Amino acid sequence: MGFFTVPLNSEFDKEAFNSGNQILDRYLKEIANQDIKRKLASCFVHPDLDSNHITGYFTLSNSSIPPEMIPYKLKKKLPRGYQQIPVTLLGRLAVDVKFQGQGIGKLLLFDALKRSFLATNAIGSYAVVVDPTDENAEQFYKRYGFIWLPDSGKMFLPMKLINILFENPA
């Protein structure tokens, strides 16, 4: 099963990456390698085929949310007594400005969802959670079915829906 991305490593030119968002750019350039070494997050990049330039990246890590954050119609199907519900955090997703508008963001998102879904075979995860940085990010995630977690500023997509995308590939 192929992926659109590969794990971040030293062969890629992080310094040239510019998404137009200083926080996302700084993370890739200054923090990502430390998070990888400390096992705090995994970072996946899509390289430009003609160079070692990174066209986009995303990070994944384990996380959890309190059950109170889950909308009632979904929460009522969960077993009672859990203090936290395991989720996968799609912590960052960014596309270099030179490659924006070419569908790379969508491909990065689907790659992240695929990796998250496959990981559920080994580690439980109820959903993929994102924390949109601005209104553009919010609209992007809404387009792909993410819904708001009440009073949190976070959005999520239940693994049950992600399962539909990847369980029976054509």
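Quick housekeeping. This is a predicted model, so local features need pLDDT of at least 70 and side-chain atom pairs count only at pLDDT 80 or more, while totals for chains, interfaces and linings use all residues. Residues are numbered from 1 along each chain as its sequence is written, and side-chain values use heavy atoms, with hydrogens and water left out.

Staying with the rings: how many aromatic pairs does the structure hold? There are eight. To pair, rings of Phe, Tyr or Trp (its six-membered ring) need centres within 6.5 Å; planes under 30 degrees apart are stacked, over 60 edge-to-face, and the rest tilted. Take phenylalanine 140 and tyrosine 144: their centres are 5.3 Å apart and their planes sit at 65 degrees, so that pair is edge-to-face. Ring pairs also tie Phe110, Phe140, Tyr141, Tyr144 and Phe146 into a cluster.

Rings meet charges here too. I'm calling a charge "over a ring" if NZ of Lys or CZ of Arg is within 6 Å of the ring centre and within 35 degrees of the ring normal. Arginine 92 does that with tyrosine 27, at 3.8 Å from the ring centre. Arginine 115 has its charged end over phenylalanine 3, 3.9 Å from the centre of that ring.

The whole structure has four of them. Arginine 115 pairs with aspartate 111, with the closest N and O atoms 3.0 Å apart, and both residues are buried. They're four residues apart in helix α3 (residues 104-119), so about one helical turn separates them. Helices, by the way, are DSSP runs of H or I, at least four residues, numbered from the N terminus.

Next, lysine 142 and glutamate 138 meet at 3.2 Å, N to O. That one is in helix α4 (residues 135-143), again four residues and about one turn. Lysine 142 is partly exposed at 37%, whereas glutamate 138 is buried at 18%.

Now, the residue I'd like you to look at is aspartate 25, in helix α1 (residues 22-37). What aspartate 25 does have is a 2.7 Å polar contact, side chain to side chain, with serine 19. A polar contact is a pair of N or O atoms within 3.5 Å; within protein, one must be able to donate a hydrogen and the other to accept it, and residues adjacent in sequence count only if both atoms are side-chain atoms.

Last stop: leucine 28, also in helix α1, is buried at 0% relative accessibility. Beyond residues up to four places away, leucine 28 touches Leu8, Lys14, Phe17, Cys43, Ile54 and Tyr57, where contact means heavy atoms within 4.5 Å.

Technical notes: Helix = DSSP H or I, 4+ residues; strand = E, 2+ residues; numbered from the N terminus. Salt bridge = Lys/Arg side-chain N within 4 Å of Asp/Glu carboxyl O. Buried < 20%, exposed > 50% of the residue type's maximum accessible area, 1.4 Å probe, protein only.
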